[in-house]
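This report covers strand pairing and a chain-to-chain interface. The structure is shown first.

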Amino acid sequence: MLNYEIVVIGGGPAGLAAAIEAKKNGAEEILVLERDMELGGILQQCIHNGFGLHVFKEELTGPEYAERFITELKAMGIEYKLDTMVLEVSKDKKITAMNREEGMLSIQGKAVILAMGCRERTRGAIRIPGGRPAGVMTAGTAQRFVNMEGYMTGKKVLILGSGDIGLIMARRLTLEGAEVLGVSELMPFSGGLNRNIVQCLEDFDIPLYLQHTVVDIEGKDRVEAVTIAKVDERFKPIPGTEKRFDCDTLLLSVGLIPENELSKSAGIELDRITAGPTVNEAMETSIEGIFACGNVVHVHDLVDWVTEESKKAGRNAAKYVAGELGGSEEKISVQGINGVRYVVPQEIRPENLSGKMEFMMRVDGVYQNVALVAKNGEEVLRSVKRRHVAPGEMENLVLDFESIESKDLKNLTIELVRQEGA
Amino acid sequence: MYDITIIGAGITGTFIARELSKYDLKILLLDKENDVSNGTTKANSAIVHAGYDAVEGSLKAKFNVQGNKMYDEVCRDLDVPFKRIGSLVTAFNDEELDTIQCLYQRGLANGVPDMKILSKEEVLGIEKNLKDTVKGALYAKTGGIVGPWELAIALAENAVENGVELKLNSPVTDITKTSKGYRVVAGEKNYTTKLVINCAGVYADKIDQMVNEPTFEIIPNRGEYNLFDKSMGGLVNTVVFGCPSKMGKGTVILPTVHGNLLLGPTAADIDQREDTRTTFEGLSAINDHAKETLKEIGFQDVITSFSGIRAKVDTKDFIIGKAEGKVNFINVAGIDSPGLTAAPAIAEYVVDLIKESKETLGLAFGENKDFNPRRKPSIHFMDLKRSEQIKLIKKDEAFGRIICRCENITEGEIVDVINRKAGATTLDGVKRRARPGSGRCQGGFCGPRVMEIIARELDLDMKDVVKDGKGSYILTGETK
């Protein structure tokens with residue numbers, strides 16, 4: 001049995017930031033377990049730039065952003081194991097893992113930080129009819145082939161779903177000489193960042209078909225054609241609106257799912273909407289001493305926010321190990337309502353509230369001129385104007401608990417309110 | 001010259017090949033695909049039926065009941081997943097209660113053991129997630145589930161270990177009569193043989209008509225399925241059939257041997273023999289059936305949808321026997337449901353049929369003294385005891401490296417299935433044998449890694465590794 005103060009599961013941006021911050025806050029024995037052959041997670045295949053604008057005030061590529069953390073982690077002497085798969089996490093923080101060199105490992109942590117990230121939704125999850133030839137793959141898998149392994153995955157490509165990875169791959173494949181015929185999006189709005197719509201589609205004249213979905217895939221061995229059709233308000237394809245594209249590839253960018261099989265096996269409570277663990281103000285899950293951060297909690301739009309959230313988890317895990325994290329039973333729930341799909345954290349303990357606290361959330365549609373309003377019961381705590389909100393972009397709201405007069409917190413809600421005269 | 005040539009390496013072809021490998025014969029097993037079990041066998045309900053469906057006196061009834069009894073032994077010998085979990089035919093109204101009575105009587109007539117008509121309470125005692133509007137059910141203890149392609153692959157492997165020659169990528173394009181038998185042209189090669197056994201599935205009529213007058217026609221019939229994540233596998237404990245009606249056998253809800261949940265199938269005649277597409281209508285229909293039968297079911301956990309083609313014939317019974325006027329051409333055709341269950345009994349019957357004419361055919365049928373009914377045990381790392389896992393990693397580090405993160409499949413297991421007899425050469429071939437890519441991410445993470453391992457083990461270029469069929473290439477070139 002190996003013993004550590006903190007075991008971090010996942011060496012992507014979340015795990016790296018959490019481990020570094022835990023060390024800075026006094027934790028000594030930290031171990032990061034990474035299942036891939038290198039640290040950095042999915043950032044390593046994101047060779048485009050646009051990372052780090054908030055954290056470093058400069059534009060970095062994914063690998064550059066990761067490298068800063070990897071360098072720091074190594075300089076701090078934090079231990080890590082690569083190509084190491086965690087098989088089980090128990091509620092008493094015992095971890096079973098394995099790798100080639102050491103075989104089976106039993107590791108006991110005083111605290112555990114879950115940072116497993118997310119995975120892509122697949123074809124099965126969205127029930128696309130048609131054949132099952134080669135050439136249908138998720139945008140992230142294609143990204144790995146193209147950016148890390150040096151292979152092209154198609155010559156004429158249609159993309160279903162306007163998530164960020166799909167948009168980024170539309171540009172990437174075009175630059176590599178493939179013909180990207182269009183992006184089909186089920187919703188009336190894109191699920192990706194606005195800047196990616198402009199820079200990855202509009203700049204390359206790639207059409208975006210909103211309210212369209214795939215209704216047929218042709219080809220026995222390899223994709224030969226894909227047909228899309230417009231959908232009605234209930235997402236049913238409208239006959240007569242079909243468009244058929246001769247192509248050899250269909251990329252899917254139809255959403256990400258937090259990867260919580262380990263969390264489930266440990267018996268951690270999950271939020272139905274985020275599909276990640278419910279967490280408190282310390283990024284602690286329903287099991288004391290098991291923390292979670294990054295895309296395993298909720299899917300983020302920018303890695304910068306993953307970093308910030310993970311620092312919080314790392315800091316609090318260090319506090320927990322030192323016995324300095326309050327564990328009071330008094331909890332106040334935080335809920336998103338009226339257009340706010342969810343809020344993270346889902347609960348806060350007044351005992352641990354000091355100063356400013358940031359809440360992250362996603363809205364359920366595209367709205368102009370609205371306010372994000374935080375309330376304690378009926379009492380408005382803060383209202384912040386937003387000119388434009390969309391599901392593809394994460395929103396945040398900061399509450400300063402020092403300046404909040406009412407000490408009698410009951411339950412917090414955050415909602416969207418349309419502005420008068422808008 | 002071969003003694004016997006079997007055309008088609010699906011479940012019937014492989015069962016017959018393995019049965020014949022018990023004898024000292026020169027046997028050739030041909031398949032047009034690049035892997036065995038790549039037709040109907042890879043996409044069906046994976047059920048070992050009890051035997052109350054088929055009409056009394058039919059070949060289907062006879063071989064179903066016989067075949068069912070043979071499953072324990074063959075699956076044990078070949079280390080193939082098989083679970084006798086029992087089956088239910090549910091009745092939700094009085095008419096359906098009558099139907100299950102008829103099925104019960106038919107089962108008795110067919111010789112099906114251990115059946116019982118259950119009351120509502122008894123049904124809900126077994127299946128608590130069924131709607132409590134259920135009125136009763138026919139229970140058959142001998143119903144079961146199996147890994148159909150695992151079985152065909154294991155049979156092929158064992159047959160090859162026992163001397164059968166397997167030739168893949170060998171579509172039969174012509175058969176001509178010779179003085180001693182036939183010349184079979186397959187994959188541009190000529191093979192001479194004393195006897196042909198036609199197990200060509202949806203192409204059985206085409207093969208038959210290469211030398212015989214047309215006597216039957218295959219009507220391809222497609223069935224669509226939805227497969228759910230393992231988190232849903234516990235929704236039912238038995239094979240739960242809807243009540244059959246004029247529309248067909250009824251939709252089935254069942255756990256798979258690997259713990260997933262399977263819904264299906266639809267039934268629709270189609271024009272093209274390999275049109276395995278799924279449709280909005282088909283998938284909606286099976287989901288609707290599940291909603292009508294179960295208290296609650298969520299469709300967000302569907303991990304894949306697929307369809308399979310059944311080789312239906314208009315006589316509605318199996319066609320098994322010598323072609324008219326010939327002792328050296330045997331048809332095994334129209335093997336739709338319960339073909340999987342019946343296959344072991346069909347194989348024995350076919351071998352007996354050949355033995356009847358062994359003198360005419362000039363086949364000695366001596367015993368194969370080296371016949372070994374068991375194949376090299378397969379390795380399922382995650383099912384091993386901790387101490388055995390540790391030992392295995394010590395012996396071979398490749399078992400310490402997880403490739404498939406959803407199903408926790410190690411590199412060692414993948415290397416093993418590539419290097420076996422009748423081994424995997426494709427991404428889906430590896431998936432059917434060792435299961436990487438069968439989980440919730442459907443190969444998103446492990447696909448590139450498995451391709452690397454295939455390329456390394458078979459000394460191929462990454463670009464030449466295919467998903468499944470010959471033309472199912474994954475990579476189209478290198479980046480700039």
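## Strand pairing in chain A

Strand E21 (residues 332-337) and strand E28 (residues 412-418) of chain A run parallel and are joined by four bridges. In this pair, Gly336(A) lies opposite Ile414(A) of E28(A). Strands, like helices, are DSSP runs numbered from the N terminus, with at least two residues (E) for a strand and at least four (H or I) for a helix. Two strands pair if DSSP finds at least two bridges between them.

Both strands belong to an open sheet of five strands in chain A, ordered E23-E21-E28-E25-E26, with mixed pairing. Strand E23 (347-348) and strand E26 (379-389) of chain A each have a single partner strand, so one side of each has no neighbour in the sheet.

## Model and numbering

The model is predicted: local features need pLDDT of at least 70 and side-chain atom pairs count only at pLDDT 80 or more, while totals for chains, interfaces and linings use all residues. Residues are numbered from 1 along each chain as its sequence is written, and chains are lettered from A and ligands numbered from 1 in the order in which they are written.

## Interface between chains A and B

Contact (C-beta atoms, placed from the backbone, within 7 Å) links 40 residues of chain A with 44 residues of chain B. Elements giving two or more residues to the chain A side include strand E8 (103-114), helix H3 (123-126) and helix H4 (139-149) of chain A. H4(A) supplies the largest share, six residues.

Met152(A) has Gly477(B) as its bridge partner in E23(B).

Key. Two residues are in contact if their C-beta atoms, placed from the backbone, lie within 7 Å.
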